[in-house]
Amino acid sequence: MIQARKWLRDAEHVVVLTGAGMSAESGIPTFRGPDGIWKQFRAEELATPQAFASRPNLVWEWYNWRRELIAKAEPHAGHQALAHMEACAPNFTLITQNVDGLEERVGIRNLVRLHGDIWETVCTRCGERRRNHDVPLSSMPPHCFCHPEALLRPGVVWYGEALPSSAWDRAVHAVEHADLLLVVGTSAVVYPASSLITLGIRHGAHTIEVNPQSTPLSNDMDLRLAGAASSILPSLASVFP
Ligand code: APR
């Protein structure tokens, strides 16, 4: 932890990559942990265009369930710690795989959403996006305002879909210029987000993993801080005044 705090204190550009483990202590289940199943389905079976095309009501119900869970969730001390890092570090970028918006709620500004936003809905005909915080949403996937024959879908990136190019470009640029890359609460198994870690290593950033479990990339990182985000991140951020 001493070396990690020193690297954070001296870093010119801190980049943080977060995954579902960052939201776990706010009560939002991770995808591949013991609570990752919903009605015997895994995320990989529901978060796909094919699943939505064949069973739109089931997929919509899963997102409605997640929205209701997220609406009750509160950011934890780890989120606050990331906001403190952004306030104190010369340059700070948070790249998140999460769609819950908890980082925004603690005021983090330089935020890159790789996998979209659960609070958005998208017209399946024209792609128009609208933010909608209604909880719950209608029980069935509603039809679009502009194209009544088209269904609305959640504004998130599904398996097999490309990440938003602007978000991906911002993430790559930040990691290529990072001198510290903090990887928090991700199993590092979903591509292309996980490739940002190896990119950071290749570009010479100090890399630190914050996770109670090891991951396939743990051994490639400079440091592993085994533990929960809500305790490790505040301890790290306390290096700043
Ligand atoms: N603090 C830090 N890490 C934690 C905590 C915690 N309190 N609790 C769990 N973790 C770790 C787990 O050990 C695991 O390594 O968080 C990680 C969660 O991994 P996944 O469930 O695979 O989530 P993630 O890596 O974000 O998945 C990536 O897959 O399903 C898609 O789009 C979805 O964005 C998601 C992507």
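**Entry 1: the second largest cavity**

I looked up which residues line the second largest cavity and found Trp 60, Tyr 63, Asn 64, Arg 67, Ile 118, Glu 120, Thr 121, Leu 137 and Pro 154. The model is a predicted one. I put the volume of this second largest cavity down as about 40 Å³.

Next I asked which element gives the most to this lining. I found that helix 5 does, with four residues. Strand 4 (116-123), like helix 5, supplies at least two residues of the lining of the second largest cavity. Sorted by class, I have five nonpolar, two polar and two charged residues around the second largest cavity.

**Entry 2: the largest cavity**

How many cavities of 30 Å³ or more does a search of the whole structure find? I noted two. For the largest cavity I recorded about 120 Å³ of space. I counted 15 residues in its lining, and those closest to the centre are Pro 29, Thr 30, Trp 62, Trp 65 and Arg 66.

I then checked where the lining of the largest cavity comes from, and helix 5 (residues 56-72) holds the largest share, with four residues. Helix 5 had already come up in Entry 1, giving the most to the lining of the second largest cavity. By class, I listed ten nonpolar, two polar and three charged residues for the lining of the largest cavity.

**Entry 3: the sheet**

I traced the strand order of the open sheet and wrote it down as 3-2-1-7-8-9, six strands with parallel pairing. As a background note, strands of a sheet pair through backbone hydrogen bonds, in either a parallel or an antiparallel way.

Which strands sit at the edges? I have strand 3 (111-113) and strand 9 (223-225), each of which pairs on one side only. From one strand to the next, I took down an average twist of 20°.

Strand 8 (residues 206-210) runs parallel to strand 9, and three bridges join the two. For Ile 208, I found Leu 223 as the bridge partner in strand 9.

**Entry 4: helices across the sheet**

I looked up which strands helix 1 (residues 2-10) lies across: strand 1 (13-18), strand 7 (180-184), strand 8 and strand 9. Helix 1 runs at about 110° to strand 9.

I did likewise for helix 10 (residues 229-237), which lies across strand 7, strand 8 and strand 9. Against strand 7, I recorded an angle of about 160° for helix 10.

Definitions and conventions. Residues are numbered from 1 along each chain as its sequence is written. This is a predicted model: local features need pLDDT of at least 70, side-chain atom pairs count only at pLDDT 80 or more; totals for chains, interfaces and linings use all residues. Side-chain values use heavy atoms; hydrogens and water are left out. On a 1 Å grid over the protein atoms alone, a cavity is a set of points where a 1.4 Å probe fits but cannot get out, and a pocket is an open set with protein on both sides within 12 Å along at least five of seven lines; lining residues have an atom within 4 Å of a point. Grid points are joined across faces, edges and corners, and a volume is the space filled by probe spheres set on the points. Ala, Val, Leu, Ile, Met, Phe, Trp, Tyr, Cys and Pro count as nonpolar, Asp, Glu, Lys and Arg as charged, and the others, Gly among them, as polar. Two strands pair if DSSP finds at least two bridges between them. Axes are lines fitted to C-alpha atoms, for helices over the stretch in contact, and angles run from 0 to 180 degrees between N-to-C directions. Contact means heavy atoms within 4.5 Å.
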